[in-house]
Amino acid sequence: MIDAEFKNKYKEYKKDVEDFINSTLIVSTLPQKNIYESQTYSLSNGGKRLRPVLALAVCEALKGKKEYVLPFAVAIEKIHTYSLVHDDLPAMDNDDYRRGRLSTHKVYGEAMAILTGDALLNSAFETMSECCVKYLQDCPHMLQAMSYIARAAGSEGMIGGQVIDIESEGMGVIPYELLKKMHSCKTGALIKASVISSAMICNPNKNVMCALDDYSDALGLAFQIKDDLLDVEGEFDKLGKTIGKDSENNKPTYVSLFGIEKARELLIQATSIAINSVKIPEINSEFLIYLAKYLQERNK
Ligand code: GRG
């Protein structure tokens, strides 16, 4: 696979995701039409669509059925978007910009932004359960995948990580074990769920599952270390969000704990673990390997 092939494939997956997202968006004349509008605003404003792209790539790598996995991929993007809308609220990270535009609460107000996040979370489960109603008889593992995603987004996963994040704000440095726990929950859990839920639906053998488990753990870690580095080295125009917020809030990060050079080393190490994990004959891993390299180099 060469660079252009990877980029085209990424675009193709992204288009599948965005077409499906658009098909679930509602234009309403109901008195509560604003909640549909704010969800559309939050979901339509760019973003890399990394998690759903990962889910579709795993599906193809395992020769699974796209029509089974796509609704789950989109549901994960909806959960991710809800977390960003809530994270930007004044009570959380208080950020005015997201994906290069004003954050949802700046456009629709705080109360509507809270409800928008809630509605996106509900909508994610609507999307997945509708897929289960349609295909469960042919693919009983879908229920297992939905349960995995619910847990990854909840108190043992993303929400749990956000709690540790909020409670450690201002500390600058925290024990390494706690930093790892915070990130594996806050960021890692949903990235891992994108890989594992897709694999569950495709139902490969145990060896493949273990390989993807290792891949997703390492990829989630690499993604977070890069995110911490970008907060120091990134540019607003590319990232579309405020830079330097971590140090401004004295947040513990890989950079605050280890410094830039060591954080870069850890990023390279995690990326190479991810790549080596999927180099097994049962996985058509070219795109997944390229994706790990792309995440290491990304500037947004
Ligand atoms: C509010 C329940 C709740 C959770 C918030 C995800 C999260 C937890 C907070 C976001 C804060 C943050 C910047 C976390 C670091 C990693 C991360 C999730 C970055 C944003 O994800 P990208 O880069 O964003 O995939 P795009 O815009 O490309 O989708």
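Me: Hi! Let's start with Cys 59: buried or exposed?

Reply: Hi there! Cys 59 is buried, with a relative accessible area of 2%. Keep in mind that this is a predicted model.

Me: Thanks! And how many disulfides does a search of the whole structure find?

Reply: The search turns up zero disulfides. Cys 59 is in none, and the nearest cysteine sulfur, that of Cys 202, sits 4.1 Å away.

Me: How accessible is Cys 210?

Reply: Cys 210 has a relative accessible area of 44%, so it is partly exposed. Anything under 20% would be called buried and anything over 50% exposed, which means 44% belongs in the middle class.

Me: Okay, new topic. How many residues surround the ligand?

Reply: There are 18 residues around the ligand, and the closest are Lys 48, Arg 51, His 80, Asp 87 and Arg 99.

Me: Let's take a few of those. How far is a polar side-chain atom of Lys 48 from an oxygen atom of the ligand?

Reply: For Lys 48 that distance is 2.6 Å. Arg 51 also places a polar side-chain atom by a ligand oxygen, at 2.8 Å. In His 80, an N or O atom of the side chain is 2.8 Å from an oxygen atom of the ligand.

Me: And how much of the ligand does the protein bury?

Reply: On its own the ligand exposes 700 Å², and 92% of that is buried by the protein.

Me: Which helices each supply at least two residues of the shell around the ligand?

Reply: Four helices are on that list: H4 (66–87), H8 (158–167), H9 (176–202) and H10 (206–233). H4 gives the most to the shell, with six residues.

Me: What classes of residue are in that shell?

Reply: By class, the shell around the ligand holds seven charged, seven polar and four nonpolar residues.

Me: Let's zoom out. How many helices and strands does the protein have?

Reply: You can count 14 helices and two strands in the protein.

Me: How does its radius of gyration fit with a compact globule?

Reply: The two agree: a compact globule of 300 residues would have a radius of gyration near 19 Å, and the protein has 19 Å. Along the principal axes, its C-alpha atoms fill a box of roughly 55 × 50 × 35 Å. Buried residues make up 52% of the 300 residues.

Me: Now some single residues. Where does Thr 116 lie?

Reply: Thr 116 lies in helix H6, which covers residues 110–135. Thr 116 is buried, with a relative accessible area of 0%.

Me: Which side chain does Thr 116 have a polar contact with?

Reply: The partner is Ser 38: the side chains of Thr 116 and Ser 38 are joined by a polar contact of 2.8 Å.

Me: Next, what's up with phi in Arg 49?

Reply: Arg 49 has a positive phi, near 60°, in a residue other than glycine. Arg 49 is in the loop between H2 and helix H3 (50–61). At 3% relative accessibility, Arg 49 counts as buried.

Me: And what is phi for Asn 94?

Reply: Asn 94 isn't a glycine, yet its phi is positive at about 50°. You'll find Asn 94 in the loop between H4 and strand E1 (97–98). With a relative accessible area of 40%, Asn 94 is partly exposed.

Me: What separates the C-alpha atoms of Asn 22 and Ser 44?

Reply: Their C-alpha atoms are 8.3 Å apart, while along the chain they are 22 residues apart. Asn 22 is in helix H1 (residues 3–24), and its relative accessibility of 47% counts as partly exposed.

Me: Last one! How far apart are the C-alpha atoms of Glu 37 and Asp 16?

Reply: Those C-alpha atoms are separated by 22 Å, for two residues 21 apart along the chain. Glu 37 is in helix H2 (residues 33–44), and it is partly exposed at 42% relative accessible area.

Note on methods: Residues are numbered from 1 along each chain as its sequence is written. This is a predicted model: local features need pLDDT of at least 70, side-chain atom pairs count only at pLDDT 80 or more; totals for chains, interfaces and linings use all residues. Side-chain values use heavy atoms; hydrogens and water are left out. A disulfide is a pair of cysteine sulfur atoms within 2.5 Å. Buried means under 20% relative accessible area, exposed over 50%, partly exposed in between (1.4 Å probe, protein chains only). A residue is near a molecule or strand if one of its heavy atoms lies within 4 Å of it. A polar contact is a pair of N or O atoms within 3.5 Å; within protein, one must be able to donate a hydrogen and the other to accept it, and residues adjacent in sequence count only if both atoms are side-chain atoms. Accessible areas come from the Shrake-Rupley method with a 1.4 Å probe; for residues, only the protein chains shown count as cover. Ala, Val, Leu, Ile, Met, Phe, Trp, Tyr, Cys and Pro count as nonpolar, Asp, Glu, Lys and Arg as charged, and the others, Gly among them, as polar. The radius of gyration is taken over C-alpha atoms; the globule rule is 2.2 Å times the number of residues to the power 0.38.
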